[in-house]
Amino acid sequence: MTKMEGNANLSLKIVDGKVTDVKFSVKEYKRFFTEAMKGKNIVAIPQHLARICGTCSNSHIMCSIEACENALGITPTTQTKILRALMMHGLMIRDHALHLYLFSMPDIFGKDAFLDFDENDPAQHQILHDGFDVKSAGNFLATLIAGRSVHATLPTIGGFLKFPDQTGMDEAIQKLQNIRPAVLRLIEIFKNAPFHFDRKTKYMALVPDDTFGYINGNIVTSSGEKYGEKDFRTHLESTVLPYSQAVGYTYKDEGYMVGALPRVNLAKDKLHPKTKESAAEALSLFPSTDIFYNNLAQAIEILHSVDESIDILSKNKFVPEPLVKPLSDSAAVSAVGVGVIEAPRGTLYHKVILGGDAKVVGGEVVVPTGQNQINIERDIGVLVQKLIDESNSTASDAAPLDKAKIGFEIEKLIRAYDPCMSCAAHFLKVEWEENL
Amino acid sequence: MDKIKIGWFSYSCCEDNTVVMTEVLNDHWQEWKKLFDFRHVRVLKSKNIFDEFDIAFIEGAVASPEQEEEIKDIRNRSKKLVAIGSCAVVGLPAGQRNTFTPEQNQHINFLVARFGALPQVKKVSDIVKVDVEVPGCPMSPEVFLEKVNALVAELRPAV
């Protein structure tokens, strides 16, 4: 089990102008979180598993709570469900904004870094301020509801430890209303972005029955199959990649994609009515398998989370309530609990296996980036082949490959998948094995 | 005034402090843009320069001999070295395998060996001299700002 931020390597083998091998591998050292679950009291598991990943930590907390509650037979209250939805909206706003503004936006404007945007240029000045304002509003909402936007302190098995006050809720509504025009500008930028790469691929997401959201529903695939959360990941096959410290996954022997693009593809009709109205033109581009529309889908999700959160905060009052306890003696029996949610980067699965004394005897975690890994490799193979073919058809003689250009194109493609944190930024070390 | 040269390096961890740093930027990016030269901060930019740093921030525990050598190299290039977050300061939770039972070790040893990881995960001060520590999982933004401001005052007394 590992996350994807930090270091990743790419190894490409090219023989006689043909890409023959692509290995996209995770170089983060394993920290063995699922092994370390063993022997811990179940109460400690959500906070423990949050430490898998800083940027997605609140997703891991949410997914682990769901798995633990299912193992213990706990049904959360309606208020808890609403607060959890808000917590996920705060996470989506903050996390997608980090990816779109700080990681992806510089590519569109030909800049090296978001901070290199020119404050004296009115358009760039606007985007700089938009970026930090949107991030900040998401951060505020996550902190208000969950205590912190990273490794949240308030959500726990059975409910929340503290509840937002009216002053904080009013301030959150104000901040969310203030950033809405910025989010509309963001959607416009990614709708018109010049990058495209479309390889027909399978995809899947957790699709709710009612409103577009990230916590409940069935796993639905691009070809229409449906799987219940309780099935855990029986529909997925795990693939050991001996060159990588991560595990890849396939569905029916093929790579597939998870993330914002599949979610919007499969559930765009369930988005908030105001979102559908304001983003109608952008939404007409879905369903799509153009991976660069994953960025656009994230921008649309920010708008949905803004609109939903304003509604929820305006229509609800939150009162202190005790944590829901397990049914009597249920903690004393062996049980398996499964949690499935949509993290910012895609479907996240947690399984917890409880021994007879509230102690955990095992578990499993399947992260979005692991599921996207095989698809990323396939995409890179097709992209590099296309670039080599283009280069061969235009070069007057056997000019050497422009490796810097190809490397940059590969990074842009991988960044569109939004793998975790620092690798989403600027990690790429390409090992070329070339025989042209 | 020369800008203060910043390096930000992540090793074995969840990079929660990097996320918190990008959140602190929400309120401080305008002053930091003038004050800091983000010379090697991979989360923020592609064209990173690895030469010398006024302040090097090290996040994460040390899991491999290569990481150990890199951190020694960074130390030699840096006036001040700051260990950021719990994994860098105390080695945990990234180094939780250090306390595994023999049975747990049986399950993981082949993977530790396959990727050439250190037998025991280390904290940063096991490898090099650390000037400032910012503890926490993740670090507290307030403590981080307090320590950064103190370093700025020391390195650029005129600011």
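Predicted model: local features only at pLDDT ≥ 70, side-chain atom pairs only at ≥ 80, totals over all residues.
The side chain of A:Ser309 reaches the backbone oxygen of A:Ser305 at 2.5 Å. Leaving aside residues up to four places away in sequence, A:Ser309 is in contact with A:Leu86, A:His89, A:Leu141 and A:Leu176.

## Nonpolar cores

The largest nonpolar core contains 150 residues, and the members that touch the most others are A:Ile380 and B:Phe144. Helix H4 of chain A (residues 78–108) supplies the largest share of this core, with 14 residues.

For A:Ile380, the contacts beyond four places in sequence are A:Leu10, A:Leu12, A:Val22, A:Ile410, A:Leu413 and A:Ile414. Another core, of 17 residues, lies apart from the largest one; B:Ala56, B:Ile71, B:Ala83 and B:Val128 are among its members.

## A three-stranded sheet in chain A

Chain A contains an open sheet of 3 strands, arranged in the order S11-S12-S13 with antiparallel pairing. Strands S11 (335–343) and S13 (360–366) each have a single partner strand and stand at the edges, so one side of each is left without a neighbour in the sheet. On average, neighbouring strands of this sheet are turned by 15 degrees against each other, when direction is ignored.

Strand S12 of chain A covers residues 346–354 and is joined to S13(A) by 6 bridges, the two strands running antiparallel. Within this part of the sheet, A:Tyr349 has A:Val366 of S13(A) as its bridge partner.

## The interface between chains A and B

The contact between the two chains involves 48 residues of chain A and 42 residues of chain B. The size of an interface is often expressed as the accessible area lost when the parts come together. By that description, chain A and chain B bury about 3800 Å² between them, and 58% of this area is on carbon and sulfur atoms.

On the chain A side, the residues that lose the most area to chain B are A:Tyr29, A:Phe32 and A:Leu115. Together, A:Tyr29, A:Phe32 and A:Leu115 account for 19% of what the chain A side buries.

Note on methods. Residues numbered from 1 in each chain as written. Chains lettered and ligands numbered in written order. Heavy atoms only, no water. Polar contact = N/O pair within 3.5 Å; in protein donor to acceptor, adjacent residues only side chain to side chain. Contact = heavy atoms within 4.5 Å. Pairing = 2+ DSSP bridges. Helix = DSSP H or I, 4+ residues; strand = E, 2+ residues; numbered from the N terminus. Axes fitted to C-alpha atoms, helices over the stretch in contact; angles between N-to-C directions. Core = buried A, V, L, I, M, F, W, Y, C linked by side-chain atoms within 4.5 Å. Buried < 20%, exposed > 50% of the residue type's maximum accessible area, 1.4 Å probe, protein only. Buried area = accessible area lost by both parts, 1.4 Å probe.
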